[in-house]
Amino acid sequence: MTTAPKTLTSTESGRTALTIADGRAHLLSADSRLGELLYLSPEADFAEGGSIRGGVPIIAPWFNDLTGQEPAHGWARRRAWECQEVPGGFDCRIHHDEWDFRLGIQTTPKGFAMMLKARNASSKRRNVQLAFHPYFRVADITSPTVEGYSFDGSLVDDRTTVTSPVTVTDGHRRIIVTGHEHDHTVVWNPGTKVPGDMPAEDWRHFVCVEPALLGEDPSTGVSLAPWEWTEIGMTVKVEEI
């Protein structure tokens with residue numbers, strides 16, 4: 001684990017306390033009245049240019065390697081952003097490679113909300129993909145967690161065009177994940193073959209439910225005209241069972 005980055009924290013009475021990695025547009029913690037909502041690996045790599053394992057990584061301008069570009073999941077999560085605290089949350093911005101990205105993060109009484117906007121700042125039509133990659137903390141993923149899925153140590157990596165809310169059941173609470181302006185939902189857990197920046201048994205303690213805007217053809221993405229905007233949102237709410 002590299003030295004943790006400088007953080008910004010937003011706290012308001014009766015609302016979820018949010019902490020981001022300052023300059024990385026990466027939500028690290030969402031401490032709600034029903035406990036922490038996000039998993040963050042104790043071995044996470046915070047080095048500049050690396051990807052932080054856990055929290056809510058921002059995926060842009062492409063998803064994984066669907067479009068044949070590198071690095072996987074794009075460069076947005078690896079580069080420095082300009083971030084500032086605003087009432088109830090954070091505003092982060094970046095301009096790179098003729099793309100403008102703006103990220104808004106807001107606390108709510110029962111969770112948090114995020115909105116990612118993208119603008120093609122070039123003079124030609126280009127394609128883009130956007131997604132949130134939240135790691136939701138659970139006590140034990142081998143207990144019933146997400147309806148329709150079984151987590152037994154095998155890889156779970158399912159991409160579907162179903163866009164209705166997804167509920168993560170975690171003991172005494174349920175986490176409801178609602179995407180906005182997305183066209184796919186991805187459910188992921190690595191199973192026992194964990195990435196190198198995660199303890200071997202920590203696959204049991206999280207599940208990723210990812211609202212994604214991938215396009216009708218995920219191998220190409222969503223086409224944007226010069227100076228055109230698109231966006232994707234996610235609302236996370238936790239309730240006691």
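**Notes on the salt bridges**

1. Arg 93 counts as partly exposed because its relative accessibility is 39% (buried means under 20% relative accessible area, exposed over 50%, and partly exposed in between, with a 1.4 Å probe and protein chains only). Its salt-bridge partner is Asp 91, with the closest N and O atoms 3.1 Å apart. Asp 91 comes out at 19%, so this residue counts as buried.

2. A word on the model before going on. It is a predicted one, where local features need pLDDT of at least 70 and side-chain atom pairs count only at pLDDT 80 or more, while totals for chains, interfaces and linings use all residues. Residues are numbered from 1 along each chain as its sequence is written, and side-chain values use heavy atoms, leaving out hydrogens and water.

3. How many salt bridges does the structure hold? There are 10, each being a side-chain nitrogen of Lys or Arg within 4 Å of a carboxyl oxygen of Asp or Glu.

4. One of them pairs Asp 197 with Arg 53, the closest N and O atoms lying 3.0 Å apart. These two are 144 residues apart: Asp 197 is in the loop between strands E16 (184-189) and E17 (206-213), and Arg 53 in the loop between E4 (35-36) and E5 (58-59) (strands, E, are DSSP runs of at least two residues, numbered from the N terminus). Both Asp 197 and Arg 53 are buried.

5. Arg 126 and Asp 97 also meet in a salt bridge, at 3.5 Å from N to O. Arg 126 sits in strand E10 (residues 126-128) and Asp 97 in the loop between E7 (89-96) and E8 (99-108), so the pair ties together parts 29 residues apart in sequence. Arg 126 is buried at 15% relative accessibility, whereas Asp 97 is partly exposed at 44%.

How values were computed
Helix = DSSP H or I, 4+ residues; strand = E, 2+ residues; numbered from the N terminus.
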